[in-house]
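Trainee: I would like to learn how to read a sheet and the residues within it. Could we go through one slowly together?

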Amino acid sequence: MELFNLKDPSEVVSFSQAVQQGLGKNQGLFFPKNIPTIDDIDSFLAKPFNQRSAELLGQFIGDEVDAATLQKMVDNAFQFPAPVSQVSDNVYSLELYHGPTLAFKDFGARFMAQCLAQFSDKEKITILTATSGDTGAAVAHAFYGLKGIDVVILYPKGMISSLQEKLFCTLGENIHTVEVDGDFDSCQQLVKDSFDSTEIRDGLHLNSANSINISRLLAQVCYYFEAIAQLPKEERAKAVISVPSGNFGNLTAAVIAKAMGLPIKRFIAATNVNDTVPRYLKTGEWSPNKTIATLSNAMDVSAPNNWPRIEAMVEYGYTDKALITGDSVDEEYTQIAVKQLNELGYVSEPHAGVAYKALKRSLADDEVGIFLGTAHPAKFKESVENILGTPVALPKELAEVANKTILSDELPADFEALKAYMIKKLG
Ligand SMILES: *Cc1c(COP(=O)(O)O)cnc(C)c1O
């Protein structure tokens, strides 16, 4: 598989290089030179999820990974379903939150972990990442127990919920969690300083497991096929997909799926009040505002870093911008949506609420809508309980960790301290 740098098309890399480097020169994103197409969609959709996913990824990756190995990687990564649940006559929810950290990021993070383990089998590598909550949990679980990989996760002391902390700071083994005396920005600064230090970067073979990694994106394409496969055949070509978006990786994956031949009629780019993309789609002007905190906080992003990939697909003729409409849902309507879904007998949370509201505002009678459930309601228990006024039960994944001991180490927000820690633990 060949990929090129969107900022400098003369930089061409293989899949394994793209996965290991994350970003290209000038911080450019990698993008496939060719998007493969599936000829017989109906029979492809009839296959089981993991088999279909391995075949789909194989179409991209080519001979860099043999089919049996790729199947094993997919089986290790996708150990939970992506069910479509009917909410009303012509509206469905694609539930992407049945993985170990109860959010869709499990799909991408786990496949990326499998890829890094596969490609770096000769030398030990260290994943270093900063988190304000969700990403850290997905990364920790994805790499937990993988041979030859150590993971160091930095998070700001006292700034993440106790349940969230329990979810990724109780694993142990190759997962090292560090509570930093500082805020999220200082954690990110420590990560940057570590990558700038030759001693740490080369000595410990650092990798960032960044969210813009191409392996994550390709893994996410797979569940759109799984979603359409679960619709009755006569509804497939009428499908409108509403994606609750922050960095726009999830929407990028949906657009790639359609470019491969998956029958999707059109897309809705649903955001909260951080509405850079909906405004851009209306006016043609890219003007990010200051980021505002909302109930759907995983989407509090005003400069989405995957958008250039969507622009590239428009530019190279893989999609038409007219197929993507934007909608920004404010806090009041987010809460109304969560209530309306509850009245339909469906418990959701604010991210899905944004997607549902945007879908309902736009769906025509002859269309079928799918909105993405990106997180389990229990993950946003407090907001959901406030909105609905009724308790939300903890699923077993969260109930099980509630009594476990936090294994984190504590460090000041100081690079020398982190360096000494890493060398002692991993060097
Ligand atoms: C990350 C995240 C999103 C946003 O996804 P993008 O791919 O960044 O657009 C939406 N919902 C939840 C729960 C998330 O964790």
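**Reading a strand and its sheet**

Mentor: Let us begin with one residue, keeping in mind that this is a predicted model: Asp327 is found in strand S12, which covers residues 324–328.

Trainee: Is Asp327 buried or exposed?

Mentor: The cut-off for calling a residue buried is under 20% relative accessible area, and Asp327 has 16%, so Asp327 counts as buried.

Trainee: Which residues does Asp327 touch, leaving aside those up to four places away in sequence?

Mentor: Asp327 touches Ala269, Ala270, Thr271, Pro278, Ala358 and Arg361, and with the side chain of Arg361 the Asp327 side chain also makes a polar contact at 3.1 Å.

Trainee: In what order do the strands of the open sheet lie?

Mentor: In general, strands of a sheet pair through backbone hydrogen bonds, either parallel or antiparallel. Here six strands form an open sheet with mixed pairing, in the order S4-S5-S13-S10-S11-S12. The edge strands, each pairing on one side only, are S4 (84–88) and S12, and neighbouring strands are turned against each other by 25 degrees on average, direction ignored.

Trainee: How many bridges join S10 to S11?

Mentor: Strands S10 (residues 239–244) and S11 (residues 266–271) run parallel and are joined by five bridges; Val240, for example, has Arg266 in S11 as its bridge partner.

Trainee: Which strands does helix H11 touch?

Mentor: Helix H11 (residues 249–259) packs on the sheet and touches S10, S11, S12 and S13, with its direction at about 180 degrees to that of S11. Helix H10 (residues 214–229), in turn, lies across S4, S5, S10 and S13, running at about 140 degrees to S10.

Key:
Residues numbered from 1 in each chain as written. Predicted model: local features only at pLDDT ≥ 70, side-chain atom pairs only at ≥ 80, totals over all residues. Heavy atoms only, no water. Helix = DSSP H or I, 4+ residues; strand = E, 2+ residues; numbered from the N terminus. Buried < 20%, exposed > 50% of the residue type's maximum accessible area, 1.4 Å probe, protein only. Polar contact = N/O pair within 3.5 Å; in protein donor to acceptor, adjacent residues only side chain to side chain. Contact = heavy atoms within 4.5 Å. Pairing = 2+ DSSP bridges. Axes fitted to C-alpha atoms, helices over the stretch in contact; angles between N-to-C directions.
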